[in-house]
Amino acid sequence: MELSRESSFLKRTFASYYRRNAVPSPRNISRREFGFILFDREGMIRHLSFKDESELNDFLRKNVPLHAYYSSAYYESPDAENMENKGWYAADLVFDIDADHIPTPCKEEHDKWTCLDCGFSARGMAPDSCPNCGSKRLKVESWLCELCLETAKSETIKLVEDFLLSDLGLSLSKMSFNFSGHRGYHVHVFDEVVLELSQEARREITDYIRAQGLSPRFHGFSRVFVSESFPDMTDPGWRGRLARGLYDFISGASFDDLKRVLGKSRVAKLIYDNRDFILSNLGSSPPRWPSIRGVSVSAWSKIALHVAGIQRCYIDERVTTDIKRLMRLPGSIHGKTGFKVQSLTFSELERFDPLNDALAFRRGELRVHVSSAPRFVIGDEEFGPFEDVVVELPFPAAVYLLCKGAASLVEE
Ligand SMILES: [Zn+2]
Ligand SMILES: [Zn+2]
């Protein structure tokens, strides 16, 4: 396959990165399957395995992949070509938090999707299927954005603190974290208690974290137990989370917010007018049901479900439930951005700024012709929007546009 000038340039650039940097070995490297997408070959080459870090890095230097992946699973024979013969015996519990799946308002400015079947196209977050023809074959043009990245990061911190540590009782020392190199973060849990979990067990975990099928009546929002005390904000799990969320929501909600959630202005008005009474009941020790004539348990349940929608975590359940998933290899370069897939500790994660800290290349400038790009930030600089223009850009910004296919090299 003949490479375009841009692809050859990117391949040389990636090659210089892999020459200068050693990619660290994933835990238990010899039990992992590796997969790569190369610059000059269609599709993925997979079923590869390496006995140690130096073998892996030899491969990276020799082949210079556009994308690099390794299995969350551990196999007896990771290089067996047939999945049945690999001898699966365990898998890390992995989570993918990606801005693609989190509704952020800025997507209207920087993202676009097109239906490959009927040609329908719109700005903003891509739907599951085309509203015009129902096709699921959508081409999504997504861009890095500070707000999207910040949202994905706080969602990751919420996942770890509220769910993995607090509810599931896992330990930070048995987790690793990385920036995905594009619009999100990955959490890998390698605690022994999770390694052998089945797909179904992992599905239970994702449903719990995503509040799928959550029923408020099992968490204290039940007619039968009206006389009993209300869920306490210090209760563990969803019960306490709903109580805290309800308190926050009632404290901050306008009449219109309540009307939107409840659909009925009469009930919304009753709640809005009795806010102080409700908050003092919820906040008392022990908390009491805020009984208001005209506000039924089902109205409270509606609010509880709304609150659950705010407090749940946006994880990609397909990634977590797939026990043979190939994940991005930390330390490699993401071929759609030219950014590093950056390993982080949890405390590093809190201060991490991917647009500064995950740059694989820093030096120099490059002149490129940009066909089209929205406004974007790299380093501390803001660029664009660009439309059919030749510009000189700092090297990482130019590489980013080349990776996105939004720019071409200019003859010197
Ligand atoms: Zn369509
Ligand atoms: Zn955004």
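Predicted model: local features only at pLDDT ≥ 70, side-chain atom pairs only at ≥ 80, totals over all residues.
Welcome to this structure: of the 412 residues of the protein, 38% count as buried.

**Domains and overall layout**
- The protein is divided into domain 1 (1-97 + 152-210 + 316-357), domain 2 (107-141), domain 3 (216-311) and domain 4 (361-412).
- Between domain 1 and domain 2, the C-alpha centres lie 27 Å apart.
- If you take the contacts between residues at least 6 apart in sequence, 65% of them join residues at least 24 apart.

**The largest nonpolar core**
- In soluble globular proteins, nonpolar side chains tend to be buried together.
- Here the largest nonpolar core has 68 residues, and the members that touch the most others are Val 187, Val 368, Ala 398, Leu 401 and Leu 402.
- Helix H15 (residues 395-404) gives this core its largest share, seven residues.
- Both domain 1 and domain 4 take part, as the core draws at least three residues from each.

**A look at Leu 401**
- Leu 401 is among the residues that touch the most other members of the largest core.
- Setting aside neighbours within four places in sequence, Leu 401 is in contact with Val 368, Val 370, Ala 373, Ala 406 and Ala 407.

**Another core**

Technical notes
Residues numbered from 1 in each chain as written. Chains lettered and ligands numbered in written order. Domains from an automatic or database assignment. Core = buried A, V, L, I, M, F, W, Y, C linked by C-beta atoms within 7 Å. Buried ≥ 20, exposed ≤ 12 C-beta atoms within 10 Å, placed from the backbone. Helix = DSSP H or I, 4+ residues; strand = E, 2+ residues; numbered from the N terminus. Contact = placed C-beta atoms within 7 Å.
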